[in-house]
Each structure stands twice: as structure tokens, then as C-alpha cells.
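Hi,

Here is the structure I promised to pass on to you. Have a look at it first, and then read my notes below.

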Amino acid sequence: PQMLPGPVPGQTDVHQLARAVDDHYNHLRSLEAEFTETFRGEGAERAESGTLWLKKPRKMRWEYRSPKEKLFVSDGESVWFYVPAERQVRKMPFKKLDDLRSPIAFLLGKTKLENELRGLSKVVDQTPTVPGDTVLRGVPQRLSGEVSEVQLEINPSNQIVRIVLMEPDGATTEFRFAGWKENGDMNDSQFRFTPPSGVETVEGAFGQ
């Protein structure tokens, strides 16, 4: 076959990689991983860690264990954010959620990375945390006021092992994931939240 003029070298593999990641996640029903969330900004750095469970459609459970307990749960319709030490739970509709954790819910679905992130390209000016991984960057369609760029580190198995969300003011929030378990059994009750007695429910935005 004759050689057709191809796309810019390097972009082909970005499209292929994006499609491979889409294929990987869109076939999954559930995911579980250990996560570390690190915020860097205004001269401060704080790291939190715990376990994440995801289930189709749009169900999430972020169970923070360190440095303090927090729970962020979505049943696909509503989202709850519970900090036991504050004896208060915040609740809001999933579709109003403007939270840095919300793009993660779209890993399981009919998502397309190239639709979620405009101008997807390979990051060449920094090294991945694990040799052999590839880092992609793009501009998010959602959260565009709060997040100017998203970077994804993808391993050779097409799993996302790190997500960095960069804010216009230079602050970054990084999620690292380890030990992905795919398609494990998860009970829907894991994604529902019933406030313990004596805990006040507040409707509205979350704050950090």
C-alpha cells in the first residue's frame, strides 16, 4: 500500500494511547485502588491517603484514613462529604458537583479522553514517576475555571496511575493510585450514606 501523508509524528501514539485507555476503562464495571492525594500551593503541601472504590455508573467512595478520617461518597445521584471530627455531613446533587474528585468518576463510563481533555499531547519536559510510563496533558472540558491543565500518567497496561490537576494560580492537586483491582464485587450499599445520629446534614458546596 502506498504511504499516505501521516499525522505529526508523536501525535499518532497519543491518539492510540488515549483510545487504549478508553477501551481499558469503558469495559470495566468496578475499580478499587489505594490513593494518595497531595495538594501543593501557597507554600504549603498536604498529603492525604486512603482507599477509592468506583462502580458504574458514577458511584464513588473515597475513604480517607490519614491524616484524618474523611468520607466522600457518591451513589450516582447525590454526593456526601463527611468529616467525623466535624460531626457534619455535606450533601449535594452529583450533577452540581464541581469537585476535583469528580473527573475520576468518569473513568468508568462511555468517556473519551480526547473529549474530556482538549489538545491532548505527550508531556516531554518531565519524567514519569515510573520509567516506561507515559504522561499526557490536556485542558479539561469540565472544571475549566478551576483547573487549567490535567496530566495523566499511564502505565504500559493502560492504567492511570497518577492524575495531576493544575489550577490557574499554580497550585496543584496530585492523585497517585496503586494496586488497582478491577471488576471486584461491590455492594451498592457501599455507595450510600446514612448520617450517624447527632450528625447535621448541610446542603450545598463542599470547600476543601
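Charges first: the chain carries 28 positive and 31 negative side chains, and the centres of those two sets lie 4 Å apart. Do keep in mind as you read that this is a predicted model.

Now the overall build. You'll find 3 helices and 12 strands in the chain. Its radius of gyration is 18 Å, close to the 17 Å that the globule rule gives for 208 residues, so the chain is as compact as a globular protein of that length. Of the 208 residues, 45% are buried. The chain exposes about 11,100 Å², with carbon and sulfur atoms supplying 51% of that area. As for contacts between residues at least 6 apart in sequence, 50% of them join residues at least 24 apart.

Is asparagine 155 buried or exposed? Its relative accessibility is 14%, and since buried means under 20%, asparagine 155 counts as buried. Which residues does it touch, leaving aside those up to four places away in sequence? Asparagine 155 touches Asp133 and Val161. Its C-alpha atom is also separated by 8.9 Å from that of valine 135, which is 20 residues apart from it along the chain.

Asparagine 158 is found in that loop between E9 and E10 too. Asparagine 158 has a positive phi of about 65 degrees although it is not a glycine. With a relative accessible area of 21%, asparagine 158 is partly exposed.

Another positive phi turns up at arginine 87, where the value is near 50 degrees, and again the residue is not a glycine. Arginine 87 sits in the loop between strand E5 (78-83) and strand E6 (88-93). At 45% relative accessibility, arginine 87 counts as partly exposed.

Finally, a couple of cis peptide bonds. Where are they? One joins lysine 56 and proline 57, with omega at about -20 degrees. Proline 57 has its place in the loop between strand E2 (44-55) and strand E3 (59-66). Another joins serine 66 and proline 67, and there omega is about 0 degrees. Proline 67 is found in the loop between E3 and strand E4 (70-75).

Over to you!

Methods: Residues are numbered from 1 along each chain as its sequence is written. This is a predicted model: local features need pLDDT of at least 70, side-chain atom pairs count only at pLDDT 80 or more; totals for chains, interfaces and linings use all residues. Side-chain values use heavy atoms; hydrogens and water are left out. Helices (H or I, at least four residues) and strands (E, at least two) are DSSP runs, numbered from the N terminus. The radius of gyration is taken over C-alpha atoms; the globule rule is 2.2 Å times the number of residues to the power 0.38. Buried means under 20% relative accessible area, exposed over 50%, partly exposed in between (1.4 Å probe, protein chains only). Contact means heavy atoms within 4.5 Å. Accessible areas come from the Shrake-Rupley method with a 1.4 Å probe; for residues, only the protein chains shown count as cover. Lys and Arg count as positive and Asp and Glu as negative; His and the chain ends are not counted. The place of a charge is taken as NZ of Lys, CZ of Arg, CG of Asp or CD of Glu.
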